[in-house]
Amino acid sequence: MKVTEHIKNAKKTLFSFEILPPLKGTSIESIYNSLDPLMEFNPPFIDVTYHREEYVYKKRKDGLLERRSVRKRPGTVGICAAIMNKYNVDTVPHIICGGFNQEETENALIDLDFLGVDNVLVLRGDPIKSETYFTPEEGGHSYASELLQQVDGMNKGIYLDEELKNSAPTDFCIGVAGYPEKHFEAPNMRSDIHFLKKKVEAGADYIVTQMFFDNQQYFDFVNLCRENDINIPIIPGLKPVSTNKQLTLLPQRFHLNMPNPLVDEVLKCKTNEQVRQVGVEWAIQQTKELIEFGAPCIHFYTMGKSDNVQKIVGTFS
Ligand code: FAD
């Protein structure tokens with residue numbers, strides 16, 4: 001079922017989860033181990049992230065370095081199929097522009113359609129570590145809005161080969177990313193909202209936000225979207241803090257601010273066990289306020305560990 005149908009049918013705020021494919025060489029049991037404790041909450045859908053290749057340097061026998069492309073977390077499509085099969089729950093694979101040309105994208109979408117996946121989260125992807133700026137694949141897309149047009153086209157039966165006649169239309173519900181604290185490359189919020197609106201005009205059905213720790217950021221973002229005639233559901237994304245290091249890692253990686261009271265509480269902790277507890281309490285408070293605000297669904301970034309998310313969602317069940 002589509003994410004938007006879940007939202008339409010819901011009588012209260014839903015809770016959804018996002019997982020990462022495990023590192024290559026790790027069995028799928030690790031996914032089940034982190035999802036099993038969350039299934040009691042009947043999540044309407046589970047997102048599975050996509051991770052493109054990275055370049056690593058390996059030392060050769062002759063002492064020279066060899067540059068190799070590796071994908072450390074493959075398996076997004078397979079994990080979606082496995083989760084649907086095991087738990088009978090909808091999945092949302094993330095699809096990105098980076099590393100794909102349009103034909104590869106089309107073929108991936110055909111696979112997803114054949115597997116019975118009803119939703120995709122359409123993203124651009126970040127620049128890879130060796131790039132300063134995002135560089136599209138030759139024959140690929142530069143922005144999420146372009147990838148979205150391709151998915152929307154397939155939903156209308158338009159494939160890349162113009163000679164294909166009577167092509168079966170797909171029927172994907174399309175999610176996109178939104179940034180309450182602005183995307184890091186956008187010169188200002190007005191510009192970012194302008195391009196978010198382009199994604200909506202190109203056929204996006206719902207928005208999932210980047211994680212934030214101050215709910216006011218989300219409330220302001222929703223209001224700004226509504227003022228700009230962006231009227232699709234906006235799902236807030238939450239990540240409970242779980243280690244001391246995340247005080248620097250999360251702002252660095254996701255370009256966000258952390259409120260003083262949260263930072264102060266984490267700094268008082270002597271162990272990461274204590275930080276986890278602070279993170280749980282903070283996220284419970286955020287969840288409470290987001291429900292009161294009327295958020296359609298709250299999306300938890302589990303990052304492979306679910307005990308903290310279980311405590312948070314358990315408070316509301
Ligand atoms: P876009 O919407 O294309 O925007 C990128 C930037 O370009 C923005 O600054 C925007 O304002 C600007 N822009 C957009 N269109 C134009 C235009 N036509 N002209 C000029 N500027 C423009 N990354 C992964 O690799 N895998 C994942 O699974 C993944 N999941 C994510 C899930 C969520 C909920 C979120 C919020 C992010 C996720 N990301 C993921 C990260 C995401 O790929 C990065 O944040 C990326 O830098 C931007 O992606 P986007 O889809 O928002 O890009």
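A residue is called buried when its relative accessible area is under 20%, exposed when that area is over 50%, and partly exposed in between. Glu 66, with a relative accessible area of 27%, is therefore partly exposed. The structure described here is a predicted model, and the mean pLDDT of the chain is 96, with 100% of its residues reaching 70 or more. Among the elements of the chain, strand S9, which covers residues 234-238, has the highest mean pLDDT, at 99, whereas the lowest, 84, belongs to strand S3, residues 54-59.

The shell around the ligand comprises 23 residues, of which Tyr 50, Asp 126, Tyr 179, Asp 192 and Lys 199 come nearest. By class, 13 residues of this shell are nonpolar, while five are polar and five are charged. Four elements each supply at least two residues of the shell, namely strand S5 (90-96), strand S6 (119-123), helix H6 (189-201) and strand S8 (206-211). The largest share comes from H6, which contributes three residues.

A polar side-chain atom of Asp 126 lies 2.6 Å from an oxygen atom of the ligand.

Elsewhere, salt bridges that share partners join Glu 54, Lys 72 and Lys 129 into one network.

In the whole structure, a search finds 12 salt bridges. Side chains of opposite charge can pair when their charged atoms come close. One of the pairs is formed by Arg 60 and Asp 62, whose closest N and O atoms are 2.9 Å apart; Arg 60 is partly exposed, with a relative accessible area of 35%. In another pair, the side chains of Glu 66 and Arg 68 meet at 3.0 Å, N to O. Arg 68 has a relative accessible area of 39% and is partly exposed, and Glu 66, at 27%, is also partly exposed.

Backbone geometry was examined as well. Most residues other than glycine have a negative phi, and most peptide bonds are trans. Lys 182, although not a glycine, has a positive phi of about 75°. Lys 182 is located in the loop between strand S7 (173-178) and H6, and at 23% relative accessibility it counts as partly exposed. A positive phi, of about 55°, is also found at His 255, which is not a glycine. His 255 has its place in the loop between H8 and helix H9 (260-268), and is partly exposed with a relative accessible area of 37%.

Two separations involving Val 222 relate sequence to space. Val 222 is part of helix H7, residues 215-227, and is buried because its relative accessible area of 8% is under 20%. The C-alpha atoms of Val 222 and Pro 236 are separated by 9.7 Å, the two residues being 14 residues apart along the chain. Glu 5, in turn, lies in helix H1 (residues 3-9) and is partly exposed at 36% relative accessibility. Between Glu 5 and Val 222 there are 20 Å in space, C-alpha to C-alpha, with the two residues 217 residues apart in sequence.

Technical notes. Residues numbered from 1 in each chain as written. Predicted model: local features only at pLDDT ≥ 70, side-chain atom pairs only at ≥ 80, totals over all residues. Heavy atoms only, no water. Near = heavy atom within 4 Å. Polar contact = N/O pair within 3.5 Å; in protein donor to acceptor, adjacent residues only side chain to side chain. Nonpolar A, V, L, I, M, F, W, Y, C, P; charged D, E, K, R; others polar. pLDDT = per-residue confidence, 0-100. Salt bridge = Lys/Arg side-chain N within 4 Å of Asp/Glu carboxyl O. Buried < 20%, exposed > 50% of the residue type's maximum accessible area, 1.4 Å probe, protein only.
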